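The stops below are to be taken in order.

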Amino acid sequence: TLLYTIKFEEMGGTIVDATDFDADKDSKDLYDAMKGLGTDESKIIKVLGNRSLRQRLQIKSKFESTFGKDLEGELRSELGSKFLRLCLALIQPLAEFLAKEMKRYLKDREELPIICMLVGLNNAGISDLKRAYRQIYKSEIERDAVGDLKGDLKKLILSLLQGNRDESEAVDEELANEDAMELYHAGPNKFGTGRSNTALEQGVFRDKVLTRRYEDCFSRILLQRNTQHLRRVFEEYKKVTDDDIDSSLRSETTGDLEQGFLYIVKAVKGIETFYAEQIYKSMKGLGTDDGR
């Protein structure tokens, strides 16, 4: 799997291989749903919404070999707006889908969604994403990111794209303590109780120095250590500061940079919970953030 740590069979995922799967029947059902005037969207949902990705790709292949038509093209001619986008996403290999999303996010300079995507991939997943992007767009993600992104998260995104995380489950207790202390000295301890309250130190100097220290420190530790080790680092950090790493980040950083770091920390603590929170926030309040 390309996904970071998600184990759907343990978490009780809702979209798994259908036990009564029949690619011939499903492809015919899709054809019938789009045949003639009008479109039976409920039938499309019944098929695509109840088959695993592996099965959906088989349906796509069977549809095209049986009816001599491109399923993606047929969907485009029959559907529109966000429902079309969802259906197209469901019939693409994961790496291809993510590559297209990456291109869209880069074009629109949407940095936080890029981080939200990347924190859910393991090293192999990032490698496959970069390969698919190269095949589709004849360009390298890193090169396009350097040219398209302008915000505070540019460096963080480029670091994530390296895919250099240790993927073992080994926890080095001594190193965990050292990492926690380094994070501590990069943040709250740098501006301890003896700091001046002048506007200069609280403003320009604090933002530039602390942001640079935090970014460098977090990039090196949070993007390279394995998840089990980092969870131990967070425990040690709380012993030193009497504060969660999340709370410390909120007090020491602001804006998109704060959110980017929090995305990484939350994904390390629990990738399933992180994505569940993103889904919840997309539906919270008035309206729905479909893009999220």
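Helices (H or I, at least four residues) and strands (E, at least two) are DSSP runs, numbered from the N terminus. This is a predicted model, in which local features need pLDDT of at least 70 and side-chain atom pairs count only at pLDDT 80 or more, while totals for chains, interfaces and linings use all residues. Residues are numbered from 1 along each chain as its sequence is written, and side-chain values use heavy atoms, with hydrogens and water left out.

Select Glu142, which lies in helix H10 (residues 141-148). Glu142 counts as buried because its relative accessibility is 19% (buried is under 20% relative accessible area, exposed over 50%, partly exposed in between; 1.4 Å probe, protein chains only). Leaving aside residues up to four places away in sequence, Glu142 touches Lys130, Leu158, Leu161 and Gln162 (contact means heavy atoms within 4.5 Å).

Next, select helix H15 (residues 245-252) and colour its buried residues: Ile245, Asp246, Ser248, Leu249 and Glu252. Viewed down the axis of H15, these fall within an arc of 165°, so they line one face of the helix (the arc is that of the directions from the helix axis to the C-beta atoms).

Finally, select helices H3 (residues 41-48) and H6 (residues 81-90), whose axes come within 11 Å and cross at roughly 30° (axes are lines fitted to C-alpha atoms, for helices over the stretch in contact, and angles run from 0 to 180 degrees between N-to-C directions). On the H3 side, Glu41, Ile44, Ile45 and Leu48 make the contact; on the H6 side, Phe83, Cys87 and Leu90 do.
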